[in-house]
Amino acid sequence: MLTIQFIRDHRDTIANRLRIKKFNQPGVIAAILSKDDERRELQVETNRLQAELNRLSKEFGILFRKGEKEKAGELRMQSTAIKEKVEGSERRLQETLEELNDLLVQVPNVPHVSVPEGESSDDNRLIREGGRMPELPDQPLSHWELGTRHDLIDFELGVKITGSGFPVYKGKGARLQRALISWFLDMNTKAGYLEIQPPLLVNEASGFGTGQLPDKEGQMYRVTDDNLYLIPTAEVPVTNLYRDMILDAADLPVKNTAYTPCFRREAGSYGKDVRGLNRLHQFDKVEIVQIQHPSRSYESLEEMVDHVERLVSGLNLPYRIMQLCGGDLGFTSALTYDFEVYAAAQDKWLEVSSVSNFESYQANRLKLRFREPGEKKPLLAHTLNGSALALPRILAALLENNQTREGILVPEVLHSYTGFERI
RNA sequence: GGAGGAAUGGCAGAGUGGUCGAAUGCGGCGGUCUUGAAAACCGUUGUCCGUUCACGCGGACCGGGGGUUCGAAUCCCUCUUCCUCCGCCA
């Protein structure tokens, strides 16, 4: 969330900057500012009463030890009276703090100045494109047809054992998945990312830290008995590794990568977009996460984009990089680039990576800070993450684009991982 | 799952009701000494909020939450985590 200080400092411009993100509730900002004034008044009053009570208690202790029982008794009555006031004041302060927090979490991150206006994904800005469009044989097959024909992916078995959106990968299909994961991780570690294997279930505090809670609660699978959530992305556990930490500026940037399955309920999304591997409840993804100094976070964002671009072009997939418009930008993000690859048989662009700078929005929730050498006050760090890469749609595009009369060709970079060159 | 013990500052570790935000040691930072370094010595060293032009001042925090008390790191309840033993187990 935004810091109250930031909102105070930009009270005149913030509503306008949020408008681009389709947050048209200037009332919330006004309510935050007045609630914060209220909070400060209450704080001053509470602190004053607390100081008074502390002073009386201290005096009481001294008198009591001296044996001046009578004077002590007087003080005790005074303290009792003040104590009631302190309790009342503390309770009001606590309530105000909670109300303020409830308002604060409703405000999305402020978009970067370069974010274009727009309503939906149709208004996203094309940054650049690359790769060559494939030439398909006559009557090309979709990836779900190819998956079934070559016995790579079994959707029906998944339905039997779990439900729709939980495919079973078999044989060369499973091996191809493992090859992609290994190649991605190897490329990421070569680029300086530390490989992490995090837990796949997280607690409430972690969900809150990266912003999935409270606003995206319905998107996560929940283990109610133990009050845990299945991770929707490795971003959650890997970023939360650094919750409540103060890092040295010299440790920045922190660069981590993790492969994990991801679990998403995808409540409310049905229809033809969800066919095959296009949208799943469980899928595999390799994630990259950076924690960076605020003055260098946008350099890191570009570096991450370049890195992801090397991955997609290494697989010889036609791709394009889009900058998300205000209306399409996520709640917690300041700037996001989406990578889309072209799946030729479906004639569709599929999103395979989303690379974002959250600036200090997550860090403020996470209490993730760093200290400049010689400085006393720690500052909020910036967090960034991106997919490098999400598997199912990559697999879909590979199968569809590389189908030939002689079988499906495996990209060269994967040969040493798969042990086969065609399917 | 059962029985017992524990959780204190960057780390180690004292503190069982009253100037305790907390002894002491280590580490860090600054200084003295030194050609330089080490050693020694001196000083300093948590986070957050509020207030102040500033020096400063006030408040909260000793795993989390709640309670007892004029006053809680210290007593009580509860949750979490860790350790030891038993059981189960990939």
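## Contacts along the chain

In chain A, 74% of the contacts with a separation of 6 or more are between residues 24 or more positions apart. Two residues are in contact if their C-beta atoms, placed from the backbone, lie within 7 Å.

This is a predicted model, in which local features need pLDDT of at least 70 and side-chain atom pairs count only at pLDDT 80 or more, while totals for chains, interfaces and linings use all residues. Residues are numbered from 1 along each chain as its sequence is written, and chains are lettered from A and ligands numbered from 1 in the order in which they are written.

## Overall make-up

Chain A has 13 helices and 18 strands. These are DSSP runs numbered from the N terminus: helices are H or I with at least four residues, strands are E with at least two. The C-alpha trace of chain A spans about 105 × 45 × 45 Å along its principal axes.

Of its 423 residues, 37% are buried. A residue is buried if 20 or more other C-beta atoms lie within 10 Å of its own, exposed if 12 or fewer, and partly exposed in between, with C-beta atoms placed from the backbone.

## Strand 1

Strand 1 covers residues 125-130, and the count of buried residues among its 6 residues is 0. Strand 1 pairs with strand 11 (residues 319-323) in the antiparallel sense over 5 bridges; two strands pair if DSSP finds at least two bridges between them. Glycine 130 stands opposite tyrosine 319 in strand 11.

## Arginine 91

Arginine 91 is located in helix 4, residues 69-104. Arginine 91 counts as exposed because it has 12 C-beta neighbours inside 10 Å. Threonine 46 is 45 residues away along the chain from arginine 91, and their C-alpha atoms are separated by 9.5 Å.
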